[in-house]
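Dear colleague,

The findings follow directly after it.

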Amino acid sequence: MALRSPELRLLGALTRPGRIAPSPLAALASPRRRRRAPSPSPSPSPSPSDSTPSTASDSAGAVAADGLEGPQWKTVSAKRFGIKESMIPDEAWNVLHRLRSRGYDVYLVGGCVRDLIMKKTPKDFDIITTADLRQVKDTFAGSAVIVGRRFPICHVHDNNSIVEVSSFNTSARGSRGSQIYSAKSQNCSKNDYLRWKNCQGRDFTINGLMFNPYSEKIYDYLGGIEDIKKAKVRTVIPAGTSFQEDCARILRAIRIAARLGFSFPKETAYYVRTLGCSVARLDKGRILMEINYMLAYGSAEDSLRLLWRFGLLEHLLPFQAAYFSSTRFKRKDKGSNMLLVLFSKLDNFLAPNRPCHNSLWISILAFHEALARQPRDPLVVATFALAFYLGGDISLAVEIGKSITRQHDASFRELLEPRVWNDKHLVDEVQNFAALMKRALTEMTDEYHVSNAMAKIPQAPSSDLVFIPLQAYLKVLRLIECVQYGKKERGYMPKSDGKINYHNLSYGTSAEIANLFTLAVFDTLYPPNIEDQHDSSS
């Protein structure tokens with residue numbers, strides 16, 4: 001796209017961070033004999049709890065209450081998966097070192113261990129320790145706070161980051177996870193039992209892994225490594241029991257499967273679908289958090305597909321579910337539509353360690369809903385996106401928009417046949433579209449209109465769930481009104497350096513939000529493959 005303005009010329013050449021490609025997991029396929037290699041530098045000594053190997057941890061299985069043997073317990077060297085110290089950020093190391101220096105055992109736990117095994121960048125690094133939460137708080141006096149009621153943890157603030165620390169001494173109220181296996185394995189060490197018992201309370205087997213970075217050992221009591229190999233999201237306890245115990249696990253299952261490209265075993269899939277309606281009873285803040293994890297961290301397209309496939313989209317995003325229904329998009333459809341393409345383009349810029357603010361995906365939802373209601377000329381859409389990027393400078397947006405010569409993607413039903421516009425009529429159309437997007441945004445946050453949207457979906461239950469926060473709504477509203485009324489926000493300066501500031505993007509800086517919104521829209525309207533096909537045919 002050739003842009004005349006030097007401020008905008010970088011739009012088409014902005015640095016696009018690559019997606020974190022999944023590893024082939026070759027190390028999981030079959031164990032290899034490792035040759036002993038000399039250590040390049042002295043490493044910290046192992047924790048006392050790991051200095052004596054446990055016979056149970058190598059080969060024993062936990063004996064279930066019904067006499068059946070559970071998954072085989074495994075202790076695996078982290079070197080087998082190529083895990084290095086440099087993969088763990090300084091903030092996590094600081095917490096690990098401080099707790100260990102006070103004599104407590106420490107482990108990385110949960111999704112970060114899974115991601116390290118898969119050569120993916122973890123969203124965050126969670127730590128579990130033998131210290132109780134009060135001792136953790138005392139260790140980091142002034143920079144730690146205990147949060148949560150049912151699952152209390154300690155948030156340790158370090159260098160503008162938060163490291164979550166949980167304790168072996170804390171158990172969730174009402175959790176039935178440990179009831180599945182009531183007897184510990186014969187010859188089991190005290191430390192093995194402590195780790196195993198904690199893992200029993202985890203949500204999914206692939207999240208039930210513990211990693212001691214000092215001894216470089218990974219502990220797997222649930223068959224998590226095998227499920228990573230099989231690309232399965234499997235609950236630790238029977239899926240029906242697990243999801244009834246905590247229905248937020250249904251959303252986490254969707255989120256994890258979308259991000260990793262994993263599937264569900266039959267039992268898990270059945271209960272995701274049949275118990276999915278229970279997520280509407282969750283606290284709105286919790287729903288927002290889970291939806292934000294799905295849409296803001298680089299796996300939005302796959303998350304939307306899974307939410308639709310398993311019947312959860314109508315409970316959470318009924319306007320988008322109504323769109324899928326009206327376009328006859330089947331539950332297992334592998335095709336695409338404009339909403340999915342918009343989010344796939346957004347995903348290209350994001351990653352678990354490079355998320356966006358929720359106002360960005362809310363903007364895209366409202367933008368597409370407006371287009372779905374009233375399709376528009378591609379030039380009108382492009383000019384609106386440019387005006388959005390420029391903070392409401394419509395005259396410059398019109399000038400740049402009319403200079404675009406690239407071919408648009410004509411496969412979307414939301415786009416009309418192109419026509420020739422004079423400047424005044426183009427400005428009017430852009431401002432009218434801004435008003436329509438504003439209306440869509442407002443209705444997405446109104447219980448009455450949400451309920452009406454649900455009524456348009458065949459066999460959907462009635463619901464008026466609204467979880468979009470007022471602060472995010474107002475942020476998006478201001479950006480839209482700048483275009484609608486042609487007035488720039490005071491102090492607003494559009495991006496011009498060709499770089500994405502991910503810190504500002506995560507905090508919702510207007511310029512970063514508008515910049516990435518426009519890039520996602522332009523990549524959807526004018527995909528490179530359309531241009532390549534046009535060039536080859538001519």
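**Backbone: positive phi values**

Lys 119 counts as partly exposed, since its relative accessibility is 40% (buried means under 20% relative accessible area, exposed over 50%, and partly exposed in between, with a 1.4 Å probe and protein chains only). This is a predicted model, in which local features need pLDDT of at least 70 and side-chain atom pairs count only at pLDDT 80 or more, while totals for chains, interfaces and linings use all residues. Residues are numbered from 1 along each chain as its sequence is written, and side-chain values use heavy atoms, with hydrogens and water left out.

Lys 119 has a positive phi of about 65° although it is not a glycine. Its place is the loop between α5 (111-117) and β5 (126-129); helices (H or I, at least four residues) and strands (E, at least two) are DSSP runs, numbered from the N terminus. A positive phi, near 60°, is also found at Ala 231, a residue other than glycine. Ala 231 lies in the loop between α8 (224-230) and α9 (239-245) and is partly exposed, at 23% relative accessibility. For context, most residues other than glycine have a negative phi.

**Salt bridges**

The whole structure contains 23 salt bridges, a salt bridge being a side-chain nitrogen of Lys or Arg within 4 Å of a carboxyl oxygen of Asp or Glu. One of them joins the side chains of Asp 203 and Arg 252, at 3.0 Å from N to O. This pair links distant parts of the chain, 49 residues apart: Asp 203 is in the loop between α7 (190-199) and β9 (209-212), and Arg 252 is in helix α10. Helix α10 covers residues 248-260. Asp 203 is buried, at 10% relative accessibility, and Arg 252 is buried as well, with a relative accessible area of 14%.

A second salt bridge connects the side chains of Glu 245 and Arg 249, with 3.2 Å from N to O. Both of these residues, Glu 245 and Arg 249, are buried.

In the salt bridge between Glu 443 and Arg 439, the closest N and O atoms are 3.0 Å apart. Glu 443 and Arg 439 are separated by about one helical turn, because they stand four residues apart in helix α20 (residues 423-444). Glu 443 counts as buried, at 10% relative accessibility, whereas Arg 439 is exposed, with a relative accessible area of 52%. Through salt bridges that share partners, Glu 369, Arg 373, Arg 439 and Glu 443 form one network.

**Surface charge and a glycine pair**

Which residues gather in a patch of positive charge on the surface? They are Arg 273, Arg 309, Lys 332 and Lys 334. Patches are made of residues with over 30% relative accessible area and no salt bridge, like charges being joined within 9 Å and nonpolar side chains (Val, Leu, Ile, Met, Phe, Trp, Tyr) within 5 Å. Lys 332 lies in the loop between α15 (318-326) and α16 (338-347) and is exposed, with a relative accessible area of 60%.

Gly 491 is found in the loop between α22 (470-485) and α23 (502-507), where it counts as exposed at 72% relative accessibility. The C-alpha atoms of Gly 491 and Gly 391 are separated by 10.0 Å, the two residues being 100 residues apart along the chain.

With kind regards

Methods: Areas by Shrake-Rupley, 256 points an atom, 1.4 Å probe, with all protein chains shown as cover. Lys, Arg positive; Asp, Glu negative; His and termini not counted. Charge placed at Lys NZ, Arg CZ, Asp CG, Glu CD.
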